[in-house]
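Walk through this model one chain at a time. Then look at how the parts meet.

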Amino acid sequence: MNSILKGLGGLLLSLSLVIPAHAGSTLLNVSYDPTREFYKDYNAAFAKHWKAETGEDVTVQQSHGGSGKQARAVIDGLNADVVTLALESDINAIVEKSAKISPDWRARLANNSAPYTSTIVFLVRKGNPKGVHNWDDLVKGDVQIVTPNPKTSGGARWNYLAAWAWANEEFKGDQDKIKGYITELFKRAPVLDTGARGSTVTFAQRGIGDVLLAWENEAYLAGEEFGADAFEIIVPPISILAEPPVAVVDANVDAKGTRKVAEAYLNYLYSDEGQNIAAKHFYRPSNPKAVAPDLLKALPDIKLVTIDDPVFGGWKKVQPEHFGDGGIFDQIYKPAR
Amino acid sequence: MANTSFATGWKWRQASVIPGFGLSLGYTLSYLVLIILIPLAGLVWHTASLGLPELASLATDSRTLNALRISFGTAMAAAFVNAVFGVIVAWVLVRYDFPGRRFVDAAVDLPFALPTAVAGIALTTLYAPKGWIGAWLTPLGIKIAYTPLGIVIALIFIGLPFVVRTVQPVMEEIDRQVEEAAATLGANRFQTIFRVLLPGLFPAILTGFALAFARGVGEYGSVIFIAGNIPYVSEIAPLLIVIRLEEFNYPAAMAVATIMLVISFIMLFIINLIQAWSRKRYGYA
């Protein structure tokens, strides 16, 4: 009950932010947790661009939180103009539960509506004392891993899928062996925090575990935040291509009359400037040619499996099969009988 | 409430020197309906739309049962610890005067004021394997953070003021002459405590216990940081509700909530009955 009240309070607070402070349009961008710093920079750049182009002022308000929670807030009435979430399935949920976004949203922007992508990497302690270089090293010896809970965190679902992608290649699609590996992997997680930031704190500040499975940008951020000399980033040879999608919330922009500026806001993410800002915050740009080469150095080329790969078959299949109630992830923890 | 006499049978209106009975009763009822009954009725209504067979299968799901067991078990354990040590704290604050007493008295309320997430983070920092306290316990093989024991610790922290604050005023009312009389009549110290003092305090201790317990069952903010949240081991029922919401599975979330509500209500009702019984038994009113 307590958390519901808090949620309600947060909702009211976010709603009050939507009231325009001055003339010109105001956009509300409802996003997930690790994009905070990126969108702060991007909003300033877009406001400048929009002023130069049309002479109008635009203010962009931000709301951040767990991706699923944010999607639920939009379904329940949070007046978002655009959503920039961690998972395609979260935007699909808005489409299905509230019909506020048109079902063809994914085709409306280039690159499956993902202007930037990311992947899952390992953050290890300085000197890599456990010698972790690839996914099989995670289940060797007494290595402990830290990951958030895939049931509550979008990032954690990508962690799980990245491990699955490696295991699928390693065990040549043998389902039992893949499940065995995933089970062993999650048995080595002493904590399942509810969000990606929580796991970063558990690993970096509390000193729990040997490897943090994290968003690439979150791993770099942890390095900056908690001291770059304390950790090392290990990029495995194979991982998942995480495509955090963006979409205009049709019902809301039509009601508010902000469609034009909302669409421009998302389109500008694909511009040279938008791509450079994304790369600066360690997101992988969808158009690397537009980006200064030294920004790309931090984002090494590795094999990235997409969610639409036959192994997974897209979010609409993955979500219920792996993360639904009683799905493969739930079975990991089922006590043996 | 003690002077309500029903000797002449039940009557709507109680003769009282203070007017406005109708007004205040009407206010009370509409307030309760608006603040408590309507939200809860909405919850039960939505759960009822599930249908009994589905509710039954959700209720007997082994993960749900484990989460409920962990939630109610840890809340019960924490409330017991608080009932014992809270009474001792209250006793010290009421009966002894020492430098800094006012300060300690105020500090008891801190768990009320502190946002629970802050409490959870602080406790986890202390009890994590590399934390100040955890570092001492780890070599002994004792793990607190990320185990059910951690949940109990968090709930003890959250629940302490409930016991202290309900027991304290009743203790202040106890006449010292009662203890002196017990002593002059030849009671030893244990008899004085267990046969003279505690029976009078028992209803207040029970109230404090019930409050701490109820608070512990519903606690989310502090627990998720220290629990570890491993399914079947340290996953509390409120977290399971959040997980169901993340799956957009509203009916299942409501079902778990309703089950928690029903169990809590039954337990609190039983505690109230024991209380009424003990009041009668020991003649305190």
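Along its sequence, chain B reads α-α-α-α-α-α-α-α-α-α-α-α-α. That comes to 13 helices and 0 strands. Helices (H or I, at least four residues) and strands (E, at least two) are DSSP runs, numbered from the N terminus. The C-alpha atoms of chain B fill a box of roughly 65 × 60 × 30 Å along the principal axes. Of the 285 residues in chain B, 32% are buried. A residue is buried if 20 or more other C-beta atoms lie within 10 Å of its own, exposed if 12 or fewer, and partly exposed in between, with C-beta atoms placed from the backbone. Among contacts in chain B with a separation of 6 or more, 77% join residues 24 or more positions apart. Two residues are in contact if their C-beta atoms, placed from the backbone, lie within 7 Å.

A word on conventions. This is a predicted model, in which local features need pLDDT of at least 70, side-chain atom pairs count only at pLDDT 80 or more, and totals for chains, interfaces and linings use all residues. Residues are numbered from 1 along each chain as its sequence is written, while chains are lettered from A and ligands numbered from 1 in the order in which they are written.

Now turn to chain A. Its mean pLDDT (the predictor's confidence in each residue, from 0 to 100) is 87. Of its residues, 92% reach 70 or more. Residues 1-5 of chain A stay under 50, with 7 contacts beyond four places in sequence. Over residues 7-22 of chain A the pLDDT is also below 50, and this stretch has 13 contacts beyond near neighbours in sequence.

Chain A is divided into domain 1 (2-116 + 243-296) and domain 2 (120-240 + 307-333). These bounds come from an automatic or database domain assignment. The C-alpha centres of the two domains of chain A lie 26 Å apart. Where they meet, 16 residues of domain 1 of chain A contact 18 residues of domain 2 of chain A. On the domain 1 side, α3 and α4 of chain A each supply at least two residues. The most come from α4(A), with 4 residues. That side divides into 6 nonpolar, 6 polar and 4 charged residues. Here Ala, Val, Leu, Ile, Met, Phe, Trp, Tyr, Cys and Pro count as nonpolar, Asp, Glu, Lys and Arg as charged, and the others, Gly among them, as polar.

Next, the sheet. Four strands of chain A form an open, mixed sheet in the order β2-β1-β3-β11. Strands pair if DSSP finds at least two bridges between them. The edges are β2 (58-63) and β11 (246-248) of chain A, each pairing on one side only. Neighbouring strands are turned by 20 degrees against each other on average, direction ignored. Axes are lines fitted to C-alpha atoms, for helices over the stretch in contact, and angles run from 0 to 180 degrees between N-to-C directions.

β1(A) and β2(A) are parallel, with 6 bridges. A:Val30 stands opposite A:Ser63 in β2(A). Because 6 of its 7 residues are buried, β1(A) is largely enclosed by the rest of the structure. β3 (residues 82-84) of chain A runs antiparallel to β11(A), joined by 3 bridges. There A:Val83 faces A:Ala247. Helix α11 (residues 259-267) of chain A packs on the sheet, touching β1, β2, β3 and β11 of chain A. Helix α2 (residues 36-54) of chain A lies across β1 (25-31) and β2 of chain A, at about 165 degrees to β2(A).

Finally, the chains meet: 21 residues of chain A contact 24 residues of chain B. On chain A, α1 (2-18), α3 (67-75) and α4 (88-98) each supply at least two residues of that side.
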